[in-house]
Amino acid sequence: MEKAKLRDALMQELWRMNRLDLMVNLHEFLEGELAALNYLRGCDGAVTPSQISENLRVSRARAANILRALREKQFVEMNISLDDRRKMDVCLTEAGKKFYDEKYADMIRYFDLYIDVLGEKDILELTRLLKKTSDNEVLLRPGKEPEEE
């Protein structure tokens with residue numbers, strides 16, 4: 001099949017998949033408030049706003065806006081660092097943990113349904129292909145040509 005048809009078919013299916021509830025829920029965990037909560041949930045102790053900015057790959061201003069919203073919802077606490085009074089420490093509150101854990105459980109249910117629909121064989125193949133994509137990210141940059149297998 002010619003490359004343009006392969007590309008168009010791939011793009012169409014990725015666009016369709018992007019609209020699935022599964023992907024909408026996953027997307028929440030990749031950007032914004034839930035992404036920050038996800039990062040904080042995986043940390044042992046306090047982190048700085050700069051660490052959140054770097055981990056989420058967002059500007060410091062965007063990270064500050066996310067943290068302000070999370071603080072207003074009482075999902076995080078921010079305190080002056082005891083080690084360096086010029087810095088702030090960000091900690092997840094119990095309310096933040098509870099909210100995150102509930103949203104995460106919802107996402108897990110979507111993925112379990114997805115596995116049930118596709119089955120083990122297809123999920124393993126999809127996972128293999130996604131891993132191959134991630135492992136070869138550098139080759140997917142413009143100007144690089146992947147080698148034939």
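The protein chain has a radius of gyration of 19 Å, whereas a compact globule of 149 residues would come near 15 Å; the radius is taken over C-alpha atoms, and the globule rule is 2.2 Å times the number of residues to the power 0.38. This is a predicted model, in which local features need pLDDT of at least 70 and side-chain atom pairs count only at pLDDT 80 or more, while totals for chains, interfaces and linings use all residues. Residues are numbered from 1 along each chain as its sequence is written, and side-chain values use heavy atoms, with hydrogens and water left out.

Along the principal axes, the C-alpha atoms of the protein chain fill a box of roughly 60 × 40 × 25 Å. The secondary structure comprises six helices and two strands, in the sequence order α-α-α-α-α-β-β-α. Here helices (H or I, at least four residues) and strands (E, at least two) are DSSP runs, numbered from the N terminus. Of the 149 residues, 22% count as buried, that is, under 20% relative accessible area, with exposed meaning over 50% and partly exposed in between (1.4 Å probe, protein chains only). Among contacts between residues at least 6 apart in sequence, 46% join residues at least 24 apart, a contact being heavy atoms within 4.5 Å.

We can turn next to the packing of two helices. Helix H2 (residues 21-30) meets helix H3 (residues 32-42) at an angle of about 65°, and their axes are 5 Å apart. Axes are lines fitted to C-alpha atoms, for helices over the stretch in contact, and angles run from 0 to 180 degrees between N-to-C directions. On the H2 side the contact involves Glu-28, Phe-29 and Leu-30, and on the H3 side Leu-34, Ala-35 and Asn-38. By class, these comprise four nonpolar, one polar and one charged residues; Ala, Val, Leu, Ile, Met, Phe, Trp, Tyr, Cys and Pro count as nonpolar, Asp, Glu, Lys and Arg as charged, and the others, Gly among them, as polar.

The largest nonpolar core holds 20 residues, of which Leu-37, Leu-40, Ile-52, Leu-70, Val-76 and Val-90 touch the most other members. Such a core is a set of buried Ala, Val, Leu, Ile, Met, Phe, Trp, Tyr and Cys residues joined through side-chain atoms within 4.5 Å. Two or more residues come from each of H3, helix H4 (49-56), helix H5 (60-72), strand S1 (76-80), strand S2 (88-92) and helix H6 (94-135), and H3 gives the largest share, six residues. Beyond its neighbours within four places in sequence, Leu-37 contacts Leu-70, Phe-75, Val-76, Leu-92, Phe-99 and Tyr-100.

Ile-66, in helix H5, is buried at a relative accessible area of 2%. Not counting residues up to four places away in sequence, Ile-66 touches Gly-32, Glu-33, Ala-36 and Leu-56.

Two loop threonines complete the picture. Thr-93, in the loop between S2 and H6, is buried, with a relative accessible area of 13%. A polar atom of its side chain lies 2.7 Å from the backbone oxygen of Gln-74, and the Thr-93 side chain also reaches the backbone nitrogen of Gly-96 at 3.0 Å. Thr-48, in the loop between H3 and H4, is buried too, with a relative accessible area of 17%. Leaving aside its neighbours within four places in sequence, Thr-48 is in contact with Met-88 and Val-90.

Definitions and conventions:
A polar contact is a pair of N or O atoms within 3.5 Å; within protein, one must be able to donate a hydrogen and the other to accept it, and residues adjacent in sequence count only if both atoms are side-chain atoms.
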